[in-house]
Amino acid sequence: MKSATPPNGHTSQHPTTDHAFTMCFTSTPRGARLARRLVSHRLNDWGHPYTTPANETLTLITAELTANAVRHGRVPGRDFHLRLTLAEGTFRIEVADTRAERQPPLTLPTPDPASESGRGLLLVAALADDWGVAPRQAAPGKTVWAELRVPTGGHPRAQPVAPRPSDPASTNKPSAGLLRITS
């Protein structure tokens, strides 16, 4: 897909999108739950099965972003929009709502240990390779996005773990089936 040349004459370099999923959801807890489930199903369809670290991580990020859209970005009668793309080994999740005046903080505060909320964006920041907020395109509101790079094999930030002690033949070789996700 080619984009039009902007007024300044410079063209932006957009990576070729391998896969894309876009949908509107009601700004309710049920809509957020449905968005999370559909993202997990779509990732499975794209070759990242349900129990892989990529699917689980992206599903959790989606859950946090959609819950925030429902809780902090809801305008009665307006939906939130979700877009999931995979381009050049990077997943991008975008959740757009119509509440422009309620922006996430640029620096995340330390949550109150006694509080039952306030940790969603901390999870997103810990799990995603990058995240941010942008004005919503062609409509009022904002888009909160997160990106996760997935190397070949489908495991984000996967590193081999130490060998299993019960296998003396693999004293210095990482176990092929065990992975540890690092942040």
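Residues are called buried under 20% relative accessible area, exposed over 50% and partly exposed in between, with a 1.4 Å probe and protein chains only. By this rule Ala138, at 88% relative accessibility, counts as exposed. The structure is a predicted model, in which local features need pLDDT of at least 70 and side-chain atom pairs count only at pLDDT 80 or more, while totals for chains, interfaces and linings use all residues. Residues are numbered from 1 along each chain as its sequence is written, and side-chain values use heavy atoms, with hydrogens and water left out.

Helices (H or I, at least four residues) and strands (E, at least two) are taken as DSSP runs and numbered from the N terminus; two strands are paired if DSSP finds at least two bridges between them. Five strands form an open sheet in the order S1-S2-S3-S5-S4, with antiparallel pairing. Strand S1 (19-26) and strand S4 (130-135) are the edge strands, each pairing on one side only. Direction ignored, neighbouring strands of this sheet are turned by 15 degrees against each other on average, where axes are lines fitted to C-alpha atoms, for helices over the stretch in contact, and angles run from 0 to 180 degrees between N-to-C directions.

S1 is joined to strand S2 (residues 79-87) by eight bridges, and the two run antiparallel. Within this pairing, Phe25 stands opposite Phe80 in S2. Helix H1 (residues 29-45) touches S1, S2 and strand S3 (90-97), and its direction makes about 165 degrees with that of S1. Helix H2 (residues 53-72) touches S2, S3 and strand S5 (142-149), and its direction makes about 15 degrees with that of S3.

Most residues other than glycine have a negative phi. In the hairpin of S4 and S5, with six residues between the strands, Ala138 takes a positive phi near 65 degrees. Glu88, in the loop between S2 and S3, has a positive phi as well, near 50 degrees. Glu88 is exposed, with a relative accessible area of 61%.

The structure holds two aromatic pairs. Rings of Phe, Tyr and Trp (its six-membered ring) are paired if their centres lie within 6.5 Å; planes under 30 degrees apart count as stacked, over 60 as edge-to-face and the rest as tilted. Phe25 and Phe80 form a stacked pair, 5.6 Å centre to centre with 25 degrees between the planes. Phe25 lies in strand S1 and Phe80 in strand S2, so the pair ties together parts that are 55 residues apart in sequence. Phe25 is buried at 3% relative accessible area, and Phe80 is buried at 0%. Trp46 and Phe91 form a stacked pair too, 6.4 Å centre to centre with 10 degrees between the planes. This pair links distant parts of the chain, with Trp46 in the loop between H1 and H2 and Phe91 in strand S3, 45 residues apart. Trp46 is buried at 15% relative accessible area, and Phe91 at 0%.

A nonpolar core is a set of buried Ala, Val, Leu, Ile, Met, Phe, Trp, Tyr and Cys residues joined through side-chain atoms within 4.5 Å. The largest such core has 28 residues, and those with the most contacts inside it are Leu65, Leu82, Leu84, Phe91 and Val124. The elements giving two or more residues to this core are S1, H1, H2, S2, S3, H3 and S5, and H2 supplies the largest share, six residues. Leaving aside neighbours within four places in sequence, Leu84 is in contact with residues including Phe21, Val39, Trp46 and Phe91. Val124 is found in helix H3 (residues 120-127) and is buried at 1% relative accessible area. Not counting residues up to four places away in sequence, Val124 touches Ile61, Glu64, Leu65, Trp131 and Ala146.

Key:
Contact = heavy atoms within 4.5 Å.
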